[in-house]
Structure formats: structure tokens, C-alpha cells
Protein chains: 2
Amino acid sequence: MHRKDTICAPATAPGKGAIGMIRLSGPEAITIADKVFAASGKAKKLSHQPSRTLVYGTIGSGQAILDEVLVSVFREPHSYTGEDLVEISCHGSSYILTGILKLLVKQGAVMAKPGEFTQRAFLNGKMDLSQAEAVADLIAAGSEAAHRIAIDQMRGGFSEALEQLREDLLKFVSLIELELDFSEEDVEFADRAELGKLVTHVQSKIASLTESFQTGNAIKNGIPVAIVGETNVGKSTLLNTLLRDDKAIVSEIHGTTRDAIEDTMTLSGVVFRFIDTAGIRHTEDAIETLGIERTYTSIRKAQIVLFLADAGDGPEHINKRLDEIRNRIASQKLIVLLNKTDKVGKPVMERLKKNIRLKDQELIFFISAKKKTNIDKLEEKLVELSGIKNLGNEGVIITNMRHYEALVKAGEAISRAADGLKSKLPGDLLAQDIRECMHYLGEITGRISTNEILGNIFKNFCIGK
Amino acid sequence: MHRKDTICAPATAPGKGAIGMIRLSGPEAITIADKVFAASGKAKKLSHQPSRTLVYGTIGSGQAILDEVLVSVFREPHSYTGEDLVEISCHGSSYILTGILKLLVKQGAVMAKPGEFTQRAFLNGKMDLSQAEAVADLIAAGSEAAHRIAIDQMRGGFSEALEQLREDLLKFVSLIELELDFSEEDVEFADRAELGKLVTHVQSKIASLTESFQTGNAIKNGIPVAIVGETNVGKSTLLNTLLRDDKAIVSEIHGTTRDAIEDTMTLSGVVFRFIDTAGIRHTEDAIETLGIERTYTSIRKAQIVLFLADAGDGPEHINKRLDEIRNRIASQKLIVLLNKTDKVGKPVMERLKKNIRLKDQELIFFISAKKKTNIDKLEEKLVELSGIKNLGNEGVIITNMRHYEALVKAGEAISRAADGLKSKLPGDLLAQDIRECMHYLGEITGRISTNEILGNIFKNFCIGK
């Protein structure tokens, strides 16, 4: 219903800039824009302009000129939304952007809801639902890996993979359903051996997509890393040393907001997210309860735990603390870091090397956070432990919780079909499981969608997207 | 020299948005863009596209696609900078914007300095210097009045006024200088009576422009208002009441940053800026030194002083405090506000009306900041006292300190010429003063400019402008 409205919204980030842009989409987009726009010189009205041409002129009401603008017209269906669409580039001031929006609303446009441009693109068949979701992911992506997954998804890589599975299943389910029409005659149009192969194939495809979610989630949200250890062993210095290189790079980049990088860093395109950890304070060798509780919480949330100790503290003390931490480690990877090596001599180092007891897969580095000794090796190891590299060869990776949940359900349905095949279930029951699998795959691309699903997806978009 | 470079920069405000834009300007702009852009479908390369056409495609290096983008090409001289210019619209993510900039720099573009696009527009004759400065003012303008002055200036209103003066002066000075060539013969090509009229005209024009600076400055930076009074008379409540209406409007507007509105409000298009004032605290009827010092400082900075008192405090007490404040008032306008009228009865109000002594031009309002009684009348009076209204009829208004300083010097030179005319100074001395006046007028429009002047102006621009 709302698709009959002509919607408008600012499309550029809020704040001051050289240029700001407003988008206007819907059946009246060009007519409304013509009412507030005066082309300069001999240029024709927007309604007489060819598609995808830039027209210079002024925007305003009567004699009061609000700004000099560049306007471009896109005619349906050749636009982002699939509708008539007008883009107005003005000076990047919120006073001007607001003024233009007020003029457009006065002429009959309505303010767009979050994600409404992209939602219209979906409803008009310009992209499927997973591609629409990728638009938001693409804008949010802050690392190479997250960006690559989002752009692949937006360009239809994931949709293609799902569509292939769906088509294969559809072919077979149609044959099975055909059998039902001839149920009296006990024929089998669908070769059960072939179907078995297909079901196994679909199962393994869905399983590998489902499994990719852990990686995808880490890429999207960053690998959680906890730095734990007693107070004064140098946790803040280590964190600053790790973040500093990254901050220096990031601060050169126009538009990177500070708060987003406060405690994340990107190494070789992988984002690491540091979990707030309080230092454990020892009072007469009793461990402060609050500090240790927080430490255990941060270990639980982490994928990698950096246990930091002062190299000057001696192996007995360090081993004791290490045991306390190790007892709380489940699947997390543990790296022992002996810090302040610039302050201890060779004999101390040798004694530590001999006496610190490591378990399987645990790693140890002798570092100086202050002098940046061995920090590069630690960083290399972090990237290796993240498991995120050479993504190009691993195919499609899932980053979206909604997709993950749908894939889990699709996987359950196809497993039931596999079991049914083995136990020679009748065709109608097999067909039901395969149809259910197809249903969940279709939910991801939006072949099957409800207003509720759409509402949940697009409410998290920005205005103007 | 640097005009041979091809420069690039983000043009939209930093942060996430549906769309971000990068601009590329210079002799290699189109060639460089073609190296990183692949038009989709059958579309031609950018170098074969007509000017002002939008081309859809992808940007990236080799197989690695960074984003799907819309690119438009503007050929010199028909562009903002007067050079070949390419605008790349991508998704509004700083990762993508940075990625595209890196690709452009790799292909030979250099990052633009602040204001460099506008500086090139000036150097290539697309606008004069006061118009270039108005671009920054336009983007910064947050009120109707500031916006109107900036857009008039950007569209050349101020430049025209100055150019007219300059041309009139030039005609006469040429005639005077011609006399010098015939100095032996004692001829007067320039009619001294006509020249006298012209000089008087120029003097009055320059004076009215110079005088407009106070208004212009108030429009650009807001009318400074101090709210003074003892603690607990309701200063914070009044401030909140005054700001609340405005904040409610502002918060609806996408892109208005909160910190900019913390202590300013816009009434009928006029910005009022509240100066931080500490309450004066009385300890056994002695006035706290720190509080009173701060109050006096805020009065000095203000154009309007709101003296707030508790209506329940009785006229003697209020008159005493009012005298203290009044002693510090110079040219500021004083409004006495008797607050908390909702808590006192009619007899108290009558007694106050009879006994509060006002001086010439001082105003009094009985208000309740809490119940919002009479706040609308106070606001109307503030707008009236600002002197900023019906600007349309007052002609050009100066908002720029550089212009003001140049106008003052131009005014001094033309006054010397006027004096010289009266005392029948020889032509060469008159010519010198008139030339000096023209020089300062020319500095405003940039007919006369030095690298130092340009550097000072454009360093305050954003990157991308």
C-alpha cells in the first residue's frame, strides 16, 4: 500500500560536508521535484530530462532560494528502488537539507522510514532479501574481510548458491509429487538413488554454510580477545601498544569515528575486539573477589585469552596465577605473555623458560609492551589463531543470525528427508520434508517473506538507505 | 603550480550513510577514474561519456570489487572547479570511501588540501573570493538569517555591490591620472564636483556595509544573551524553558548535532547564544566574589542581559541586586524578569509593580519559567531587541571579519580622498587615496590576493569543499 507514496530522506551521513544528498522515490518523485526546482539557463524541466542526466539549478520556494543544487533523474525501473527516483545534491548543511525536505513534504512527499528505499528495491524485484540485508552490512563493514563478505552477498553470491540448491530440490520434489498423482500404480518417477545423492549434497552444503557462521560472526563483530593478569603487569600498556599502530592508520582516514576504534584493532584485515578486563589485585596473597569475577567473565566471552605476567615475578608465582586462569579456560586459546623483559636479565629469562609449565596448544611469548619487543610476532599469531585468512577460497560465509537460524532449520528438514529415504518412507512424507527445507532456504532470499520478517529486517536500517 | 595535480577527497560528511561521495578534480581526473572504474553492461568508458551523465558500474582493482558506484563526469570549464571533475557516489562507509581514495592515489591523484576544490574554483575564475568564502558560511549556517546572507553572498550579491563601487572609482581615477600626463597644461579632465559626489556616495556605501558587520556578526555567531541573578531564582529552569521548544524542533531534524544546540536557540530565524553564568550566592548578605566576577564577565560579553529575580524576595532586595547589575551595564539591553509568579499572590505582584524602579529603555516581565507564563512575550521581545528582522530590505550585510577589516581600511582611504578634495589636493595625491580604496575593495573579491590571504581563507575549510 505504502508503495504509492513518494518518499524522501537525506542519503548522506549527518553533519557538515561539502555535499549532502536527498533522495526522493515514488510515482510523484519527478513531479514533486519539478515544483521546487528551477533549472538554470535553457535547461528543461526535470520531467522532460532523459534518465541519468545531471541538471544544475536552484531549489527553493518562489523568490527564496535555498541552495544551488545538482539534480539527477532516474526513471523506473532503472533506479535503485525500481521506481522513479530523484537525487538532489546540495551543500552539506543540515539547515539546507532540512529546508529541502520540508519543501518536498509540503509538495506531497512523505519522510521515508528506516530502510524504506532498500525495502522498495526488494519489493520491486531489484534485489532479493539477502542482498538487501547485505547493503546494511556493506555500509557497516569496517574490515577487509567483513567488506568482502558483504559485497559478495550484495552482488548475489549467496543468493546464487541457495537458488541452486533450491532448484535441485524443486526438480526432485516435483517428480515425487507427480508419483502421488499415480499413487495407485506404485511408480517411482524420482530415482531414489539419485535423490539420495542430492539430499547428501544439500545436507553437506547447508552444513558448511551453517558452520561458516562462527567465522562470519567473528569477521562481522570482531574476534573477542581478553587480556587478563594481575594489576601492574602492564595490561594497559599492552593494549595501547596493540591499538596504537592501528589508531595511527585509522586517524588518517577521514570519517572514522573514534569510539568505534576505542578497543578494536584490525590486523591483516581481521578485526580483534578487546574485552574490558579488570586487573586482579592481590591483598596479602588473597585474590580480590571482584577482580577475579570480572576476569572469569571476560574469559568466558573471549575466543583468545592473553594471560599477561611480569617477567620479574618469578616462575612459581606465575605458574600459580596461570593455573587459576587455566582452570577457567574452556575452548579458548591461551597465550602466555611474559612482559617487561626489558627489565630482567638473561638468567631470569632462562629460568622462566625452564620453569613455566605450558599445556598442549598453549603458546608463550617474551615481550616488552613498552619497548614493543616481539609485539609483531604476537600480532602474527593472533591473526593465525583467528582462523580468518585466505577467505577467497572458502566460498560463501554466513554472517547474519537470521540466515543462520533459517539454515539450521533447513538442515534439520533435509536430515529428516535423508532419514526418510533410508527407511523408505512414502513419497508424500519425503516431499513434505523437502518442501520444508525449500521453505527455509526461500526465507533467506525473501521468496517467502512476511511483513513481520520485513519489518524486523528494515527497522535496523538507517533513514535514507 | 599545484593546479597541475589531480586532487581527490571525500565530499560528504564523515560517518555512515546510504551514500558517500568522492570528488576528483584536475587534468587527469577522468583518466584516473577510468583506471579504477568498470562501467556495467554496454556503457562506454568515462573518457567517452558526455559531460553530466551518470554511469553505473563497479570500482576496484582487478577482480577485487570495492563497491558498486554511480560516477558522473564534468568536463572543464563546466564544473565546480572549472577543471575536469569526476564525482563518485558509493555506499556511505568509511571503509569503502577510504578504499576508493587509496585506489585513486595509487593511480596518481593526490589528497586535496582543505578548501582546495573551492580554491581552484576561485583561481579558475568560477567565483570571486567573497563567493568562495560564502560557500563555507553557507554550509555552517544554522539559522534562516545566516543562511540568507550566505546564499546571497555566494550568488554574488556582495561582489556586485563592491564591483559597482570599484568601477565608478576606476572611471574617475583614470581621468585624474590622465591629467597627470598633461600636468604642464593644468587641465582637469575629472570634474571635481562630480568626483566629490562620487566620493561621498562611496563613503556612505562603505560606511553602511561596515556598520552592517555588527548585525552580520550577531547573525552568524548568535546574539549573546546573559542570564544573571542569585542562585535559586530559577536561571536553569528559565534556560531549559527557553531551549526546550527549540530542542524539540531541532531533535526532529536528522543530522543536527546536539552539542551545537546545547546553549543556543533560534527564534523567528534569529540565533541567541546563552553565555554561561554562575549564580551569585549570598552568604550573610555578602556577595560571593567568584560568582559576581563571572556575572560581570558574562554581562560584558552580552548584547542583552536578562536579570532574573525571585518575585517572592520583595522589592527592596530586588532593587538592591538590580542596582549592582545596572552599574555594570554599558550598551547592553537590560530586561528584568520577576520569576516564580505562580507562587506569589496578587498583592505581592502589585507591590512589586509599584516599587521596582526601572530606568530608561529597561523592560520588565512577570514570568513563571516553570509554568511557562509570559515566556512567549519575552521571546518576542528578544527577537525585537536583536534588531534582526525584515533583512530583505536592508541590502547586503557583512558577516566576515576579513571583509570588515578591508572595508574599514577602504573607508579610511576614501575619507582621506574626500578631505583631499575639499583642500584641493593635487590629482596625483587624490589618485593615490582612491587607488588605495580600490585596493582594499579588490582584496575582498580577490581581484587583489596573495598566497598568504588565500592560505588563511582556505585552511579553515573542510577537506572536500
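User: How many salt bridges are counted between chain A and chain B?

Analyst: This is a predicted model, in which local features need pLDDT of at least 70 and side-chain atom pairs count only at pLDDT 80 or more, while totals for chains, interfaces and linings use all residues. Residues are numbered from 1 along each chain as its sequence is written, chains are lettered from A and ligands numbered from 1 in the order in which they are written, and side-chain values use heavy atoms, with hydrogens and water left out. If a salt bridge is taken as a side-chain nitrogen of Lys or Arg within 4 Å of a carboxyl oxygen of Asp or Glu, the count between chain A and chain B is 2.

User: Which residue forms a salt bridge with B:Arg155?

Analyst: With contact meaning heavy atoms within 4.5 Å, 51 residues of chain A are in contact with 51 residues of chain B. In the salt bridge formed by B:Arg155, the closest N and O atoms are 2.7 Å apart, and the partner is A:Glu68.

User: What area is buried between chain A and chain B?

Analyst: The size of an interface is often given as the accessible area lost when the parts come together. Here buried area is the accessible area (1.4 Å probe) that two parts lose on being put together, summed over both. Carbon and sulfur atoms give 67% of the area buried between chain A and chain B, which comes to about 4600 Å².

User: How many disulfides does a search of the whole structure find?

Analyst: A disulfide is a pair of cysteine sulfur atoms within 2.5 Å. The sulfur of A:Cys8 has its closest cysteine sulfur in A:Cys90, 12 Å away and so too far for a bond. For B:Cys462, the closest cysteine sulfur is also in A:Cys90, at 15 Å, again too far for a bond. Over all chains, the number of disulfides found is 0.

User: Does A:Cys8 count as buried or exposed?

Analyst: Buried means under 20% relative accessible area, exposed over 50%, and partly exposed in between (1.4 Å probe, protein chains only). At 33% relative accessibility B:Cys462 counts as partly exposed, whereas A:Cys8, at 0%, counts as buried.

User: Which residue of β2(A) is the bridge partner of A:Ile7?

Analyst: Helices (H or I, at least four residues) and strands (E, at least two) are DSSP runs numbered from the N terminus, and two strands pair if DSSP finds at least two bridges between them. In strand β1 (residues 7-10) of chain A, A:Ile7 and A:Ala9 point one way and A:Cys8 and A:Pro10 the other way, and all are buried. This strand pairs in the parallel sense with β7 (residues 110-111) of chain A over 2 bridges, where A:Ile7 is the bridge partner of A:Val110. With β2 (residues 17-25) of chain A it pairs in the antiparallel sense over 4 bridges, and there the bridge partner of A:Ile7 is A:Ser25.

User: In which helix of chain A is A:Glu177?

Analyst: A:Glu177 forms a salt bridge with A:Arg435, the closest N and O atoms being 2.8 Å apart. The pair links distant parts of the chain, 258 residues apart, with A:Arg435 in helix α15 (residues 427-445) and A:Glu177 in helix α6 (residues 157-181).
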